[in-house]
Amino acid sequence: LVVSAGGHSFCLQAGKGFSISKPKGYKFGPRAALVEATPRVNGSPSSTSIQVLATDRAEELKAEARALARAADASVYCPQLLAKKYGSRPVKAVKRTLEILVALGTFALKLFLDQKNGTLDQNKRKRAAELRTIFTRLGPTFIKLGQGLSTRPDLCPPEYLEELAQLQDALPTFPDADAFSCIETELGMPLESIFSSISPTPIAAASLGQVYKARLKYSGQTVAVKVQRPGIEEAIGLDFYLIRGLGFFINKYVDIITTDAVALIDEFASRVYQELNYVQEGQNAKKFKMLYADKEDILVPDIFWNYTSGKVLTMEWVDGVKLNEQAAIERQGLKLLDLVTTGIQCSLRQLLEYGYFHADPHPGNLLATPEGKLAFLDFGMMSETPEEARFAIIGHVVHMVNRDYEAMARDYYALDFLSTDVDVSPIVPALRDFFDDALSYTVSELNFKTLVDGLGSVLYQYPFNVPPYYALILRSLTVLEGLALYADPNFKVLAASYPYFAKRLLTDPNPYLRDALIELLFKDERFRWNRLENLLVQGSKDRDFSAKDALQPVLKLLLGPDGEELRTLVIKEAVRVTEAFTLCTFVDTYNSVPSFMRSLIFNGNGALAMSSAELQSMMELRDQVFRIWGLLRSSENFDPALLQPILQILQQPEARSLGGRVVGGITQRLAARLLQQVLRMPMAPTSSLSALDTR
């Protein structure tokens with residue numbers, strides 16, 4: 001029996017007992033050996049196995065609890081405490097203020113002179129490099145600020161984005177002796193009792209800490225050990241105290257900025273402080289793995305709680321290549337676009353399914369593993385999308401596709417962009433002006449950055465208050481699209497997102513999404529079969545799409561107590577489709593009859609009085625319904641038994657009543673056509689079906 005654990009394979013041979021052959025160099029922990037040697041009964045874990053796994057789970061929870069206890073005194077962001085602390089130390093505050101003003105003021109003066117001399121564009125690259133150096137010199141707070149700007153193409157020119165992106169990795173390190181001392185102090189053990197080896201210098205330096213590669217002494221597993229920078233709480237605390245004071249000044253005197261600057265600063269500061277608690281980061285990683293690593297192409301490293309504290313984080317080592325190193329990725333036989341598409345699909349699940357998402361997905365935090373998986377790292381900055389907003393975002397996309405700008409404007413209430421007392425009617429013309437131009441292309445052809453820039457200009461003109469989660473969503477998707485554009489200048493993140501949106505609309509039972517689907521499929525009391533066909537084509541591209549679940553929510557509404565309006569629409573469409581099938585079958589039969597027999601059967605007259613355009617329309621409708629049925633049947637998990645729930649629904653009294661109304665409607669339509677045929681003039685060949693012989 002071959003089993004896997006911790007990235008290693010083991011061979012278990014049954015005899016009188018189990019003999020275990022392990023990979024060379026692998027060391028079992030006492031519990032690991034027991035777990036791997038656990039027998040199975042009839043293909044399922046034995047009771048002993050379950051007990052062992054339960055014991056291991058209990059031990060992991062105990063280790064996590066001990067890690068939490070070690071981080072009990074971790075700092076949290078409290079502006080009142082910062083004001084009390086630094087308000088009584090004016091000399092230090094003034095000194096830091098002057099340091100910041102001199103650095104940024106000098107840079108602003110250079111930009112002013114460049115603009116005056118007409119060399120602003122010529123010196124962009126040079127000034128961007130200078131700004132990166134300034135942020136690095138000013139310390140962790142400004143490094144975090146620069147990292148945020150490096151993912152905002154709506155705020156920075158490309159030259160600045162490229163230079164500031166280097167802040168993700170190329171940061172100054174602090175002394176290794178300080179790092180090793182921190183590990184021993186935090187974990188309460190000497191270094192040599194924890195690791196059999198550890199790199200003498202850090203393999204990466206981040207804004208808040210630096211990372212070492214080590215091997216655990218007890219198991220031999222390779223791990224990454226992140227150690228926090230000494231004195232960082234003092235540094236960022238003073239900076240946020242000063243920046244918050246600037247926020248009050250902006251709120252009071254800068255009228256062109258309508259957003260609450262202090263609230264934004266507090267939000268950013270609280271997230272940075274959360275990153276200082278490495279136990280919290282470990283818990284974030286654990287939750288992220290539980291929600292999203294169920295997909296085979298997503299990898300999230302495990303946390304070693306016994307060697308984690310507020311300032312030390314030990315996690316599984318991941319071999320991989322940064323997602324912005326396209327050449328190195330392709331040398332491994334991988335495709336960057338496949339990895340980016342995986343990232344987009346995972347991001348959509350994060351943003352719109354569970355609402356818990358990685359808020360800092362810069363290239364340094366995304367790795368392509370040799371096996372082709374996308375690995376997520378650094379879970380210090382996470383965020384959540386409110387449940388109402390998740391559905392509102394999908395509905396917003398539907399309204400954009402339908403060009404329903406009034407509904408788009410109302411969506412901003414649910415998205416928490418506007419308070420409910422704000423009148424959205426003046427916003428509608430601005431949305432119409434932008435999207436009518438943007439949607440001259442199909443939505444799938446829209447560049448996400450173009451959409452963000454245009455929508456940003458609309459938001460800027462009106463009293464919008466963009467919530468932090470939305471800015472982080474834009475940041476996440478913009479980063480992924482930016483990575484893809486390196487490989488393919490024509491890549492569109494919205495096109496890659498379509499399969500997920502289509503799947504959710506077709507299968508999600510949430511009332512908001514169900515109504516959005518109905519709104520998308522019906523217009524002017526007519527069913528848009530082309531929309532349904534497109535949704536099925538796109539939805540089937542999503543690996544989680546299930547034909548069994550497609551349209552089930554709508555069917556349940558159709559026969560429910562609140563479905564009368566929908567039933568009326570469906571009856572009309574069912575009559576139209578049945579009529580199309582009946583008449584097109586008649587046409588096919590008519591055209592299959594030899595010419596000499598037609599004159600005998602129909603006495604020289606056409607079969608039905610119908611215009612060419614009307615017949616063509618009916619044939620297109622029939623063919624479209626056939627294509628849709630074919631799409632459902634071609635679904636990977638299609639089985640005729642999947643229709644059983646539909647048949648069960650159709651057996652309900654409401655469905656039988658619905659069927660009777662459909663039959664009645666069809667009978668009326670066909671009777672009207674027959675009466676028209678009987679009463680029509682004998683000499684009208686141009687409008688008869690005989691003129692439409694398709695053979």
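In which helix is Leu113 found? Leu113 belongs to helix α4 (residues 90-117), helices being DSSP runs of H or I with at least four residues, numbered from the N terminus. The model is a predicted one, in which local features need pLDDT of at least 70 and side-chain atom pairs count only at pLDDT 80 or more, while totals for chains, interfaces and linings use all residues. Residues are numbered from 1 along each chain as its sequence is written, and side-chain values use heavy atoms, without hydrogens and water.

With a relative accessible area of 39%, Leu113 is partly exposed, a class lying between buried (under 20%) and exposed (over 50%), for a 1.4 Å probe and protein chains only. Together with Leu109 and Phe112, Leu113 makes a nonpolar surface patch of about 300 Å². Areas follow the Shrake-Rupley method.

The largest nonpolar core holds 109 residues, of which Leu323 and Leu431 touch the most other members. A core is a set of buried Ala, Val, Leu, Ile, Met, Phe, Trp, Tyr and Cys residues joined through side-chain atoms within 4.5 Å. Helix α19 (residues 468-487) gives the most to this core, 10 residues. Apart from this core lies another, of 28 residues, including Ala93 and Phe135.

Ser347, in helix α14 (residues 336-354), is buried because its relative accessibility is 5%. Beyond neighbours within four places in sequence, Ser347 contacts (heavy atoms within 4.5 Å) Ser476, Leu477 and Leu480.

Definitions and conventions:
Patches are made of residues with over 30% relative accessible area and no salt bridge: like charges are joined within 9 Å, nonpolar side chains (Val, Leu, Ile, Met, Phe, Trp, Tyr) within 5 Å. Accessible areas come from the Shrake-Rupley method with a 1.4 Å probe; for residues, only the protein chains shown count as cover. A salt bridge is a side-chain nitrogen of Lys or Arg within 4 Å of a carboxyl oxygen of Asp or Glu. Helices (H or I, at least four residues) and strands (E, at least two) are DSSP runs, numbered from the N terminus.
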